[in-house]
Amino acid sequence: MVTPTVLPAPIDELTALARGGDLAGRYPTVAPLLAGLDPADLLRAGRLLTRLDPAEVRRAHPATPTVSVAITGHGTLAALPPALTAEAARHGVLLTTLMSDFGGYVTDLGDPASALYAADTDLVLCVVDAVEVFDQLPAPWTVDGLEGALDEVVGRLTALAARFTATARGTLVLNTMPLPGHYPAQLVDHASRARLGVLWRTANSRLLDLAATSSRIVVLDLDPLVADGAPVMDPRLSVYAKAHLSDALLSAYARQVGHLCRGMAGRTRKCLVLDLDNTVWGGVLGDDGADGIEVADSYRGEAFRAFQRVVRQLGSQGVLLAAVSKNDVEPVRQVLREHSRMTLREDDFVAVVANWRPKHENLRELAATLNIGLDSMVFVDDSPYERGLVRQELPEVTVVVVDDEPAGHVAALLGDGWFDVREVTAEDRSRTVLYRDEANRRSFLHSFDSLDDYLRNLDVTVRLDRVTPDQFARLSQLTLRTNQFNLTTVRLQPDQVRALAEDPAHLVLAIGAGDRFGDNGLVGAVFAHRSGADLHIDNMLLSCRVFARGIEQTCLAAVLRHAAATGVRAVRGRYVATAKNGGVHNLYQRYGFTVTADDGVTTTTCHDLGELPAPADHVRLVTSLEGAHP
């Protein structure tokens with residue numbers, strides 16, 4: 001008799017790696033082990049991961065994205081580092097943390113000479129709670145006194161946020177203060193409780209408004225986390241350990257911060273791929289027919305309609321929607337076009353794939369068609385078999401688990417904020433149209449015998465000019481989300497783009513493109529600075545939507561000509577290797593740059609401006625840069 005193989009539980013496998021000293025060397029395998037762990041095991045994993053030396057991980061895996069975090073606040077926050085470390089690791093991000101002294105956030109953020117500022121971290125978490133407000137009140141206290149205390153705390157946080165944005169380069173993360181029920185319960189009249197509620201919500205609204213003052217301030221609203229079941233505090237830990245937010249709430253908070261870390265590392269997802277039968281609608285189209293599937297106006301149909309509404313909402317904000325279904329394609333398209341109760345329509349999707357092939361093959365081809373990485377995809381399917389096969393064959397694809405209870409689909413899809421960004425831009429809202437235009441370009445390509453003929457007839461126009469204030473958010477987003485054509489993968493927030501644009505020593509150029517099929521919008525950027533007689537290109541990046549059209553050649557040639565016309569002696573470029581940008585490793589060399597140093601990760605190159613490359617002859621360049629035209 002054959003004994004079946006019993007695989008170790010993921011947390012046990014992780015523990016074995018830690019005990020064997022292999023955790024740093026095997027760090028890329030950690031994320032799959034963390035997927036699906038329950039909160040208790042995830043916290044255990046976080047404690048193991050906090051013992052890792054980040055430098056050891058980086059030595060073993062230089063391309064691992066790293067985010068540095070400083071933690072300060074009012075109460076005891078000992079539960080936060082392991083939760084944060086685990087949440088970052090779930091997304092393949094390595095976290096380095098600095099924990100400030102207990103209750104020291106006023107000094108940390110108020111003194112530009114503090115250790116927190118000296119650490120110069122990517123994120124600073126200032127965690128505040130309700131106890132700080134009530135600790136300022138006498139016994140007995142009044143609602144009038146509470147109003148003054150709230151005003152003092154919010155005013156102090158507002159001033160500290162202003163000091164931070166004027167001093168630091170990173171992002172400050174604040175939070176609203178959830179109100180434990182035992183405080184309003186101390187007021188015996190309902191009128192006073194109502195006024196307390198108004199004052200408390202007003203204070204939290206003021207905190208939330210701070211996010212509008214700077215792109216380097218994020219305010220996390222903790223009320224939805226409490227509404228979803230996380231208790232505000234554990235009374236014993238609050239009284240005895242001064243831990244005024246419960247471990248469960250801090251873990252939920254850490255998950256939100258993990259989403260921020262994922263975005264800063266350029267790992268935000270772009271495309272939501274949906275199964276259809278029993279995922280988007282109830283029933284099986286091939287068996288039940290268009291009239292038999294559940295999409296609305298029935299017990300389960302209402303749940304599917306709610307899910308479709310959420311999916312369409314995501315699509316309206318720049319998430320690419322695609323369907324991959326085991327069905328015949330024409331009935332699927334007919335339902336999406338003609339079913340009177342369907343919320344999602346064919347035009348909401350950039351691609352509808354319906355056939356009987358394995359779904360992992362369709363996903364791989366879909367990624368190639370859209371020119372996005374497999375790790376940009378989130379796949380939702382009710383079938384455990386299909387999910388398991390995709391996980392096995394395409395581990396880069398994020399798989400969301402939904403089951404035969406459609407009322408849970410929305411929570412499963414939204415629970416990890418896979419598509420969260422700092423700001424939705426105009427390009428985001430038109431992304432589906434842009435990708436649909438790209439399909440027309442591919443059809444156009446197939447009508448020509450050669451790529452050169454196609455490019456000459458595409459009528460490509462490139463706009464290259466200094467960035468304008470209305471473009472700061474989009475350029476920041478490009479640095480955060482572009483991975484394949486991104487020469488150094490330096491991630492920038494909008495305020496950082498603004499600071500560079502306003503610095504006379506820096507040159508920040510926005511790249512726009514269009515052709516006979518429409519305007520591609522803002523698709524790339526060049527970041528450079530002048531040092532002595534040399535111009536250093538700090539980064540150049542380009543959206544995957546416009547690869548291989550001569551745009552990079554034209555822009556780089558224009559920058560070199562501009563440099564020569566403005567007295568630059570040499571132009572220096574730098575390439576930093578990552579797991580995804582290998583396709584542009586020799587970009588500078590292709591256009592006349594000479595390698596001056598190469599350590600296997602960073603390649604430094606130089607162009608002496610002797611023989612300048614020509615722009616692509618099929619591209620029309622529109623620019624006001626001096627000397628940029630040949």
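These legends describe close-up views of a predicted model. Local features are given where pLDDT is at least 70, side-chain atom pairs count only at pLDDT 80 or more, and totals for chains, interfaces and linings use all residues. Residues are numbered from 1 along each chain as its sequence is written, and side-chain values use heavy atoms, with hydrogens and water left out.

**View 1. The largest nonpolar core, with Leu109 and Leu146.** Leu109 and Leu146 touch the most other members of this core of 39 residues, a nonpolar core being a set of buried Ala, Val, Leu, Ile, Met, Phe, Trp, Tyr and Cys residues joined through side-chain atoms within 4.5 Å. Buried means under 20% relative accessible area, exposed over 50% and partly exposed in between (1.4 Å probe, protein chains only). The largest share, 10 residues, comes from helix 9, where helices (H or I, at least four residues) and strands (E, at least two) are DSSP runs numbered from the N terminus.

**View 2. The surroundings of Leu146.** Not counting residues up to four places away in sequence, Leu146 touches Val133, Phe134, Leu137, Trp141, Leu196 and Trp200, contact meaning heavy atoms within 4.5 Å.

**View 3. The peptide bond from Ala139 to Pro140.** This bond is cis, with omega near 0°, and Pro140 lies in the loop between helix 8 and helix 9.

View 4. Asp120, in the loop between helix 7 and strand 3, has phi near 55° and counts as partly exposed because its relative accessibility is 37%. Asn278, in the loop between strand 6 (271–274) and helix 14 (285–288), has a phi of about 65°.
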